[in-house]
Amino acid sequence: MCHGNYNWMVSDMAFVAAFLEKLQRAFARGTTITLINRKGYAIADIAAFAGPWLIAHLKGHIRSRYYEGEMPGNLRFIASIREYWSARVLEDPEVEDSLFLAMYTDVLDIRREVAECDEYLAISRPLSQYHFLQSPAGTPAEKKLWPADGCLPGWNDLEAPDGSFFASMRVPGFGVMTRAEFDQVAEGRAPELPAFLFAGDAGFAPGPHKLVLCAEDVQEGLLKSRRMHEALSEVMGQRAFVPQSMLRAQLRRILAAMAQRDDFEVALVPRVAFASLQMDLICWRNSATVAWLQDRTESVYSFDEATSGAFYGFMGFLWGRLMAGWKNQDRVRRQLRRWLAGKGLESTEPDSAIVRGWRLFPMA
C-alpha cells in the first residue's frame with residue numbers, strides 16, 4: 001500500500017534494477033502482490049520502471065487498486081505478509097532523508113498492519129481494464145467499473161492528446177493503421193473502437209513520434225502476399241490478415257514522415273532482442289495507453305493521465321536504451337527503402353552475442 005509517492009524508490013536506477021531482480025525471484029516462487037495506491041497521482045509520482053511494472057501486472061504477479069481521499073497522517077507506505085511480517089515507512093523530519101522505516105515480526109503488530117491493509121482493500125478498486133484485445137466491451141465484472149454499457153470510452157471522453165505518440169509493436173498496427181485500412185482488414189467483423197486508435201487519413205498527428213518495429217516481422221510481411229496480424233486477430237476474435245500492399249503503403253507513409261519531420265523516428269530491432277521487451281505498447285502522452293504481452297495472454301487499456309504519462313516516459317527510457325544501430329535514422333531509411341524495392345528480404349543479419357544478450361534492464 002503506497003500512500004505517498006515513489007520518488008524515494010526510483011532516484012537510483014541501480015536500486016531499481018536490484019529490486020526488479022528480487023521481484024523476479026519472488027514471482028518465480030509464486031508470490032503475488034496487491035498494491036493499493038491513493039488515486040490522483042501526478043505524473044512525476046509514478047514509478048520510473050513503469051514498463052516492467054506493467055509487465056508484472058499483465059502476468060498477474062501484481063494487481064493494483066486505488067482508493068480516494070487523503071493519505072493518513074505521516075504514513076507513506078505500509079506492507080504486510082499475513083502471519084509473518086509487516087513494515088511501514090513514516091515521514092520523519094528528524095532523520096536525514098525524512099523517512100523512517102519500521103518492521104515488525106510480532107504477531108500483534110502484524111495483525112494491526114494486516115487489518116489496516118484490509119480496510120483500504122475494502123474501499124479500493126482497480127482502474128485499468130484488462131483483456132482489452134480479447135474483449136473490448138469488458139468482462140461482466142469489469143463493466144461495473146465503467147460506463148453503463150461497459151464499452152471503451154469514445155474519443156470525446158478523452159483529453160485531447162498533444163500529438164505525441166510512442167509505440168513498440170511487431171509490425172505497424174494501431175496508431176499507424178488508418179480507419180479505412182482497419183475496416184478493410186476487418187471485413188465488417190470487428191467491434192467499434194475509439195477513433196484515436198487510428199492514424200488520420202491526412203497523415204500523422206503533429207508532435208514527437210517514436211516507433212519500434214521488429215525487423216524480421218516487417219521483412220516477413222513484405223515477402224508474403226498477406227501476413228496474419230496477431231493483435232488485430234485478437235481484437236476480431238479470428239485470424240485477420242494484412243495484405244502486403246497495405247503494409248507497403250504504411251511503410252511508405254512512415255518513410256515520408258521521416259523525410260519531412262525530425263521528430264518522427266523509427267527503430268528496427270532484431271527479433272531476438274525485440275522478444276526481450278515482453279510486451280507491445282502504444283501510448284499517446286496525457287491521453288491513453290494500450291499494451292499487451294507479446295503472447296497476447298493479457299492486455300490493458302488505460303486512459304488515466306498519470307498512467308499514460310508514466311508509460312510514455314518509460315518508452316522514452318526504452319528508446320534511450322536501444323542500440324545505436326537499431327535507431328540510426330539514415331540506416332533505418334536505407335533498410336526500409338531496400339526492402340520496399342524487394343532487396344534483402346530473405347537475408348538476416350547474424351545475431352551477435354551482444355544482440356542475443358540485450359536486456360532493457362541490466363540486473364544489478
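This is a predicted model: local features need pLDDT of at least 70, side-chain atom pairs count only at pLDDT 80 or more; totals for chains, interfaces and linings use all residues.

Now step back into the helix itself. H6 spans residues 179–186, and Glu181, Phe182, Val185 and Ala186 are buried there. These four sit on the same side of H6, because the arc they cover around the axis is only 135°. What do the buried residues of H6 pack against? Their partners are helix H8 (230–236), strand S10 (241–243) and helix H9 (244–260).

In general, nonpolar side chains of soluble globular proteins tend to be buried together. Here the largest nonpolar core holds 48 residues, and the members that touch the most others are Leu232 and Ile254. H9 is the top contributor to this core, giving 7 residues. Take isoleucine 254: leaving aside residues up to four places away in sequence, it touches Pro172, Val176, Phe204, Leu211, Phe264 and Val266. Apart from that core lies another one, made of 28 residues, with Leu293, Tyr312, Phe314 and Leu360 among them.

Last, the cysteines. Cysteine 214 is buried at 1% relative accessibility, and cysteine 117 is buried too, with a relative accessible area of 13%. How many disulfides turn up in the whole structure? The search finds 0.

Definitions and conventions:
Residues are numbered from 1 along each chain as its sequence is written. Side-chain values use heavy atoms; hydrogens and water are left out. Buried means under 20% relative accessible area, exposed over 50%, partly exposed in between (1.4 Å probe, protein chains only). Helices (H or I, at least four residues) and strands (E, at least two) are DSSP runs, numbered from the N terminus. The arc is that of the directions from the helix axis to the C-beta atoms. Contact means heavy atoms within 4.5 Å. A disulfide is a pair of cysteine sulfur atoms within 2.5 Å. A nonpolar core is a set of buried Ala, Val, Leu, Ile, Met, Phe, Trp, Tyr and Cys residues joined through side-chain atoms within 4.5 Å.
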